[in-house]
Amino acid sequence: MQYDSSNEELSTGSRILATVLRILLMVAIPLIAFFVMYQGFLFLRAGDAPKWLVTIVAIIWGVGGVAALYWIFNWLVEQMGDRWRAALQPFVFVGPAVAILIWYLALPTFRTFWLSLFGRDGPPRGASLSETFGAMVGLSNYGAVFTDRLMREAFRNNLMWIVFGATITVLMGLLIAVLADRSKFERIGKSFIFLPMAISFVGAGVIWNFIYEVRPENVPQIGLLNAIVVGLGGQPQDWPRWAAVIPWNNLFLIVIAIWLQAGFAMVLFSAALKGIPSDLMEAGRVDGANEIQIFFRIMVPYIMGTIITVSTTVVIFTLKIFDVVWVMTGGQVSTEVIATQFFRQSFIARNSGYGSAIAIVLLVTVIPVMIYNLRQFREQEAF
Amino acid sequence: MQSQRSKRLVNGLLVNGALLFIVLLWTVPTFGLFISSWRDREAIQATGWWNIFPHRAWETVRVIDVNELGLDATAPMLIEGTTATFEELRAGVETPNGQRLTWIGNRRLGRIEVQEQNWTVDWDFTTENYRQVLGGKDFELTRPDGTVEVIPGDDFGGAFLNSLAVAIPATIIPILIAAFAAYAFAWMNFPGRRVLFIMVVALLVVPLQIALVPILRDYAWLGINGTFLAIWLAHTGFGLPLATYLLFNYISALPRETLESAFIDGASHFTVFLRLILPLSVPALASFAIFQFLWVWNDYLVALIFLGSNPETEVVTMRLADIVGSRGNDWHLLTAGAFITMILPLIVFFSLQRYFVRGLLAGSVKG
């Protein structure tokens, strides 16, 4: 190896220069990127460009921005030495996800609990510790949650939603899956029943409002249900708003959720039924079991795991039901549920303490499922 | 043997019949909405949508001038061989030969219409409803009697674009973030890996209601309430646990040898992720993408809270709910509006149903 001293010097100089340049770049590129993204944000917020242009810019800015962030941070880390890179790169990959999860879900559970200990305006701003604790109302919001008339109504209705809505959804799903499994028209039949899964609760609300539409007795009914009822010689009713049958008018809202979710249950059951080994069923038939016995003694035990999964999912979903009630009755005529009460208290009455207490009650009801999930995860040992 | 076969036939009929019945029950509501959205606004209000099918309806075949006959409306009258009072005639009287007589107008200046039942269909379809609902500007409506009425359009066109601007990034961003995280959880070693993943699993079922009040406060402080950025981040946060969990299950099951040979060739984690993992994970990415897209497009609550303050960014579900609230009896608008909100999810759903089902089967508990 032969080095010129001047060459050596030059290479030292250029190395310093390269390092300086690299550091400058490491600072400049993120700065430029953030500047460009901030300009995009301002453009979108101003919103005076044509709508289609705003839409396109928003999509490119949002998706491109996130991709650019990963690229830049990874580039920064890769400029560093091997040791630093090995230590930091995993956090470039996992960091954004963890940060967002903490910001959007993990921390809010504690923050909401904290808010629930205060009155309608939350903890006083800029107050000393003793003042903050002085403003606390303790658990009185929770007391109100369990004694307030509207909340008790909401609990009763949510119970109805679960007892009728969730149960019938699961049973319908199972029934359709079994029927479809034996039919030649399985694929097309399942597609049609699955279709409402693509419809929003607001859209479904309109669809069913139209079915329940009521007209005076002496003019033709334009709602399908009332047309049938009148055709059979009955009285037209405003079904979901039929005050005389409270609380059973809730069933007309529950039907909508069943209509939307049965397809989901059906798909999972259908896949589970396909997994039953056919010799097992054959053996049952050879032993002289009839179809009903085969269903209860072989099929149901075999797909028990799926039944539990589907049931918990549907129950959790039903527990949080909001849109359909909000759009159809707005909680009038004794149709209030927990989630509509939460929305009403938090965002209309602006009582953050009370609203937060309701949210915490919702959280507590799903904790058993959370524990079950964690236990399942620990048993997997894949980690 | 014969009875065995007939039994099987009966069974098949029963099964298919029951299935057909349920399919009809599940399809008719949407079908009725779809048909109604194309019917004339007056027709929707007057008759049920099922009148598009052949049915028997009364049609006027002849008109009798009351004055010409010199009838006395205060007493029962004899017309065409039928005796009836004025009140009965107002309600319509059926004659023995299957015709119906109806008195139109008051006692003095009325006329009697002779009607017959005929088979008809009400096929008065129109695109006006969609034009009014989609348009953002004033909309001119010509009534049957020739008068012109100007009504503001409902700007579903603008709301549709907003929905796109919300749903596309709110689908891609969480997938990108979750895929990076899933890769790190599956193939990288770092302190806190296990604890952080347990957090992901625990957050799977946390109801999003818990986050709304604190996040709204943060947004107010940051000044981003009512912006697209606000709702993208919110949907990203709420969709991330499931996305990370599903993608981890998929990415961690990819064959180790493929990755190792890439590392031996000197590829960095970033390159491996971009060139190898992402292309290999397309099925999992697609199924979650459909799931998240439908979820975001159909969402009402999150949009209401984070976009509710800004009419410029209103999405289709909010527009539709607005009309339900303010003009719940304008069925020509509601049906067309509802169908506009449904069209894109239905296309996505039907074209990519296989991926969607696969995604559901992979795990479906969402907070």
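In chain A of this predicted model, A:Pro247 is found in the loop that joins helix H9 (224-231) to helix H10 (250-274).

**Backbone**

- Most residues other than glycine have a negative phi, and most peptide bonds are trans.
- A:Val333 has a phi near 50°, a positive value in a residue other than glycine.
- The position of A:Val333 is the loop between helix H14 (323-328) and H15 of chain A.

**Chain B overall**

- Chain B contains 16 helices and 8 strands.
- The radius of gyration of chain B is 31 Å, whereas a compact globule of 367 residues would have one near 21 Å.
- The C-alpha trace of chain B extends over about 105 × 75 × 35 Å along its principal axes.

**Contact between the chains: H15(A) with H8(B)**

- Helix H15 (residues 338-348) of chain A packs against helix H8 (residues 209-222) of chain B at an angle of about 10°, and their axes are 11 Å apart.
- Because angles under 35 degrees count as roughly parallel, H15(A) is classed as roughly parallel to H8(B).
- On the H15(A) side the contact is made by A:Ala339, A:Phe342, A:Ser346 and A:Phe347, and on the H8(B) side by B:Gln209, B:Leu212, B:Val213 and B:Leu216.
- By class, the residues of this contact of H15(A) with H8(B) are 6 nonpolar and 2 polar, with no charged residue.

**Contact within chain A: H5(A) with H16(A)**

- Helix H5 (residues 140-147) and helix H16 (residues 352-380), both of chain A, pack at an angle of about 70° with their axes 9 Å apart.
- H5(A) and H16(A) are therefore roughly perpendicular to each other.
- H5(A) contributes A:Asn141, A:Tyr142, A:Ala144, A:Val145 and A:Phe146, which meet A:Gly353, A:Tyr354, A:Ala357, A:Ile358, A:Ile360 and A:Val361 of H16(A).
- The contact of H5(A) with H16(A) comprises 9 nonpolar and 2 polar residues, and no charged ones.

**Largest pocket**

- The volume of the largest pocket is about 870 Å³.
- The lining of the largest pocket has 22 residues, of which A:Arg182, A:Glu291, A:Ile292, B:Asn11 and B:Val15 are the closest to its centre.
- Helix H6 (149-181) and helix H12 (291-302) of chain A, and helix H1 (2-37) of chain B, each give at least two residues to this lining.
- H1(B) supplies the largest share of the lining, 8 residues.
- The lining of the largest pocket is made up of 11 nonpolar, 6 polar and 5 charged residues.

**Cavities**

- There are 3 cavities of 30 Å³ or more in the structure.
- The second largest cavity holds about 50 Å³ of space.
- Its lining consists of B:Ser163, B:Val166, B:Ala167, B:Ile231, B:His235, B:Val296, B:Trp297, B:Asp299, B:Ala303 and B:Val315.
- Helix H6 (156-187), helix H9 (228-251) and helix H12 (282-298) of chain B are the elements that give two or more residues to the lining of the second largest cavity.
- H6(B) gives the most to this lining, with 3 residues.
- The residues that line the second largest cavity divide into 7 nonpolar, 2 polar and 1 charged.

Note on methods. Residues are numbered from 1 along each chain as its sequence is written. Chains are lettered from A and ligands numbered from 1 in the order in which they are written. This is a predicted model: local features need pLDDT of at least 70, side-chain atom pairs count only at pLDDT 80 or more; totals for chains, interfaces and linings use all residues. Side-chain values use heavy atoms; hydrogens and water are left out. On a 1 Å grid over the protein atoms alone, a cavity is a set of points where a 1.4 Å probe fits but cannot get out, and a pocket is an open set with protein on both sides within 12 Å along at least five of seven lines; lining residues have an atom within 4 Å of a point. Grid points are joined across faces, edges and corners, and a volume is the space filled by probe spheres set on the points. Helices (H or I, at least four residues) and strands (E, at least two) are DSSP runs, numbered from the N terminus. Ala, Val, Leu, Ile, Met, Phe, Trp, Tyr, Cys and Pro count as nonpolar, Asp, Glu, Lys and Arg as charged, and the others, Gly among them, as polar. Axes are lines fitted to C-alpha atoms, for helices over the stretch in contact, and angles run from 0 to 180 degrees between N-to-C directions. Angles under 35 degrees count as roughly parallel, over 145 as roughly antiparallel, 65 to 115 as roughly perpendicular and the rest as oblique. Contact means heavy atoms within 4.5 Å. The radius of gyration is taken over C-alpha atoms; the globule rule is 2.2 Å times the number of residues to the power 0.38.
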